Amino acid sequence: MASRLEQDLSCPICCELFRDPVVLSCSHSFCKVCLENWWKDKPLKTCPVCKSKISMDPSLSLTLKNLVETFTEERRQTSPSPAQPECSLHSEKLRLFCEDHQDLICLVCRDSRTHKDHSFRPIEEAAQELREQLRRDLTPVQENLKVLARSRAQLESSEAHITAQARRAQTQIRAQFEKLHQFLREEEESRMKALREEEEQKTQRMKDMMAAVSRDMEAVSQSVSETEELLRAADASFLLQYKTAAKRLQQRPLVEDMGPGALIDQAKHLGNLGFNIWRNMKSLVQFYPVILDPNTAGPRVILSEDLSSVRGGEAQEVPQNPERRDFNEVLGSEKFVSGTHSWDVEVGENQYWFVGVREFVQRRGNPEERVWFIRFYYGDYSACSPSVPDKRLSVKKNLQRVRVKLDFDTKTLTFTDPDTNTDLHTVTGFISEGLTPFLITLEDVPLKILPRNITVTVEPTAQCFSP
């Protein structure tokens, strides 16, 4: 019963009896210091036990504090006093503490050769001092336990987040493949229908031609039979009918040729079949030159399902992984290190945005960041680079889109208005080991990475000429 009561009067975080207990709105109680340490560096205040969001400050529980004090006092009074230990050599009471041997001794031991010139302390005094020392040594271990508890909680949260990520990804992958499967089913049915229609049309033509040939065969056969019968007639009768028979034999029906295109046009139906299907999928798929990385998204930004746009929102519970950025920033998923890259960002009516690139480098063992961007802050446009931290930009018309072009060959970074083809800000001569796109916003109006038009080109085949 005492053990169960002690468990009920213990903090779920430090597993010790409550010290200055506070109670949350969800009815769970914790030590005040333990709860403050648990909430440290967390964007949202949640109950460590049930994960409920806490909107009100916790209140001190005097009832629980009095119960803990009463339990502690009763346990102290009811605990039996230990018997005074005796020396195993002299059967005397152990009354002193040898500081050299760190052991209890009796008065006979004190005068023996074993403890000559040693320092001795009364048991009560030595116990009090060493108890204080052990308590001091225990404090960092207790703090380490709290750190481990917070680390475990973060790992549990990350595990749940990973599972949720996998489930969302599976749902989106299945949806995308179902969309492709539906397109392929419709494409297959369309091509099969065209093949069936051509088959029916050309089969019917063959049937019509065979019927005409059958009629001609019947007429010719009739003419042959009549002519053969005439040949067997008497001379006078033969001569009387000869002219008619000869004219009938000259009227032979012409055999109709099938002509070109009579057979199924297999080349039309089968030639480059896979390529033509893939080319028709252009209207179904989109290509984004920059994909946003949700693992870098701050707690206050929300990404679209296709990872192409971001908007501001309420703070979310997200793992504190190393890639995670500040509250309102998200990075692109790819770092550009060479070549030429460009992407358009639709800013629309958003009143607070940053569009640019970041560099992450290790210099002398320390991580450093450099940024290049343009921003819009409630009516004012400005640019930032390592050499010029704040440069006002003169923009005549509010931007709807911003184009970022990065050319490592010429070491040039440009920001332009693609609607007017106006240069907004240009950086030349930069040297970088790799740049990563980033977006920042606090507004609900999304910043969108615009898709790139897909073009399918076929290189002409080489022509061979023979002499």
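Trainee: In which sense do strand S12 and S13 pair, and over how many bridges?

Mentor: Bear in mind that this is a predicted model. Strand S12, residues 366-377, pairs with S13 in the antiparallel sense, and five bridges link the two.

Trainee: Which residue in S13 does Phe-373 stand opposite?

Mentor: Phe-373 faces Cys-384 there.

Trainee: And what phi does Tyr-378 take in the hairpin of S12 and S13?

Mentor: Tyr-378 has a positive phi, near 45 degrees. That hairpin has two residues between its strands.

Trainee: How many residues does the hairpin from S13 to S14 run through?

Mentor: Six residues connect S13 to S14 in that hairpin. The two strands run antiparallel and are joined by two bridges, with S14 covering residues 391-392. Ser-382 has Arg-392 of S14 as its bridge partner.

Trainee: Is S13 mostly covered or mostly open?

Mentor: Mostly covered: of the five residues in S13, which spans 380-384, four are buried.

Trainee: Changing topic, where is Pro-48 found?

Mentor: Pro-48 lies in the loop between helix H2 (32-39) and strand S3 (59-60).

Trainee: Why does Pro-48 count as buried?

Mentor: Pro-48 counts as buried because its relative accessibility is 13%, and the cut-off for buried is under 20%.

Trainee: What does Pro-48 touch, leaving aside residues up to four places away in sequence?

Mentor: Its contacts are Ile-13, Leu-24, Phe-30, Leu-35 and Trp-38. As for Ser-29, its C-alpha is 9.9 Å from that of Pro-48, with 19 residues separating them in sequence.

Note on methods: Residues numbered from 1 in each chain as written. Predicted model: local features only at pLDDT ≥ 70, side-chain atom pairs only at ≥ 80, totals over all residues. Heavy atoms only, no water. Buried < 20%, exposed > 50% of the residue type's maximum accessible area, 1.4 Å probe, protein only. Contact = heavy atoms within 4.5 Å. Pairing = 2+ DSSP bridges.
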